[in-house]
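Subject: Structure handover

Hi,

Here is the structure I promised to pass on.

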Amino acid sequence: MSSSHSLKKVIRPIHLWAIGVGLVISGEYFGWNYGWGVAGTIGFLIATLVITLLYITFIFSFTELTTSIPQAGGPFTYTHRAMGPIGGLIAGYATAVEFLLATPAIALALGNYLHFLHPALPVLGSGVAFYILLTVVNLLGIKESALFSLIITLLAVVELLIYLGIVGPHFKTSNFLHDAMPFGWKGVFNALPFAIWLYVCIEGIAMVAEEVKDPHRNIPKGYISAILTLMLLAIAVMVFTGGITDWKLLSAIDYPLPEAIGIVLGKQNGITKLFAGIGLFGLIASFNGIIISYSRQLFALGRAGYLPAFMSTLSPRRKAPYISLIIGGLLGVCALYMGKTDQLVILSVMGALVMYILSMISLFILRDKEPALERPYKAPLYPWFPGIALFLSIVSLVAIIYTYPMLSLIFFAGLVVALLIFIGMGRHKHQAVINLIS
């Protein structure tokens, strides 16, 4: 791989933990609460425990792929290696949808948080402003972006711990158990995409694998510490928040945590206003982490010939994929004006699940096809861990297609268009990736 297409190796385990937690932590601040609206508190808790099992088994299995093939393309690269160009395209499309649509969902929540604080500030205008600001931060280079991620993620984690300390004493079991499964087991299935939102995008750590020092040793440390942190925070935030009031009051808004503190302490309390202000940290941490991930995915697809080659252009001094950063930002701003938060969450989650399914199938294929491949980290309890992750991903995808047929149609129509263009241009015969990763 020529130096003009090589990324800088500067990331350490602490940065990986920060990028991993940062990618996801906004899911603890908003989005998950829509799960209450379709399942109730206990229904959503069951959905979350199932999805937590999915992510534990998936991350411990996915780490084998990330450490064996530490490339910026992540799932696209693994799937291409296992299944060929068509498999690579489907994985690349799914991953791009996941990350490109997660950012506008977060931008909408950021806009709503600011509007909650200062009603004069427009929701969409604020979202666009954050896109510009964080794209500029990433144009400075990965070292600066990773440091920014570390600081903002630490602040976001501390803030969630403070939140739990404030609302914890007001928890009442009777509130949490009131009308706890109004839609029965059907509600549990309907809630799966919102439970996935508590963890989705953590696999974005794979996109910075090329920029990690000693990836074979450091990537497992980053992934595993991040998933454990997120698991504890997700379950604690959901349970404590559900026990302070009638959960239905919080099930359809983009700022459930400041609203919860407002219920506990009073809307005019100084701590309520301060918390909403620093509540932005978690959203900004995820926004920044996902920008890092989608820019590397677009960069890798451009480098491999799946997107125009100019997408893989790096800035000469800072080695930032600046064209992918700018184009990804423009696509996100378009989505910001077209979708609602819950719709963007569901589409992003669909992309993630398709990619998880392909990644786990690729893991099985590569174990069989390339037994001699150096695997510095192996999936524990193989084949059970990847098998459970694959099964739960398929169940979750089927549940989403059944529950949200129109959004599923949009997702798969986009995939068909991408495949037709790819085959029509003869790109399925393109061998650039084989040269790239061989």
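Let me start with the surroundings of S251: setting aside neighbours within four places in sequence, this serine touches N33, Y34, W36 and G37, where contact means heavy atoms within 4.5 Å. Before going further, please note that this is a predicted model, with local features needing pLDDT of at least 70 and side-chain atom pairs counted only at pLDDT 80 or more, while totals for chains, interfaces and linings use all residues. Residues are numbered from 1 along each chain as its sequence is written, and side-chain values use heavy atoms, with hydrogens and water left out.

Back to S251, which sits in the loop between α9 (215–242) and α10 (256–265); helices here are DSSP runs of H or I with at least four residues, numbered from the N terminus. S251 is buried, at a relative accessible area of 11% (buried is under 20%, exposed over 50%, partly exposed in between, with a 1.4 Å probe and protein chains only). Its side chain reaches the backbone oxygen of K248 at 3.2 Å.

S312 is buried, with a relative accessible area of 3%. A polar atom of the S312 side chain lies 2.8 Å from the backbone oxygen of A309.

Now to the helix pairs. Helix α14 (residues 341–369) packs against helix α15 (residues 384–403) at an angle of about 150°, and their axes are 9 Å apart. Axes are lines fitted to C-alpha atoms over the stretch in contact, and angles run from 0 to 180 degrees between N-to-C directions. α14 and α15 are therefore roughly antiparallel, a term for angles over 145 degrees. The residues meeting here include I346, V349 and M350 in α14 and P386, G387 and A389 in α15. By class, the contact of α14 with α15 has 18 nonpolar, 3 polar and no charged residues (Ala, Val, Leu, Ile, Met, Phe, Trp, Tyr, Cys and Pro are nonpolar, Asp, Glu, Lys and Arg charged, and the others, Gly among them, polar).

How do the axes of helix α3 (residues 75–83) and helix α4 (residues 85–117) cross, and within what distance do they come? They cross at roughly 160° and come within 7 Å. α3 and α4 are therefore roughly antiparallel to each other. P75, F76, T79, H80 and M83 of α3 make the contact with P85, G87, G88, A91, G92 and T95 of α4. The residues in the contact of α3 with α4 divide into 5 nonpolar, 6 polar and no charged.

Best wishes

Methods
Helices (H or I, at least four residues) and strands (E, at least two) are DSSP runs, numbered from the N terminus. Angles under 35 degrees count as roughly parallel, over 145 as roughly antiparallel, 65 to 115 as roughly perpendicular and the rest as oblique. A polar contact is a pair of N or O atoms within 3.5 Å; within protein, one must be able to donate a hydrogen and the other to accept it, and residues adjacent in sequence count only if both atoms are side-chain atoms.
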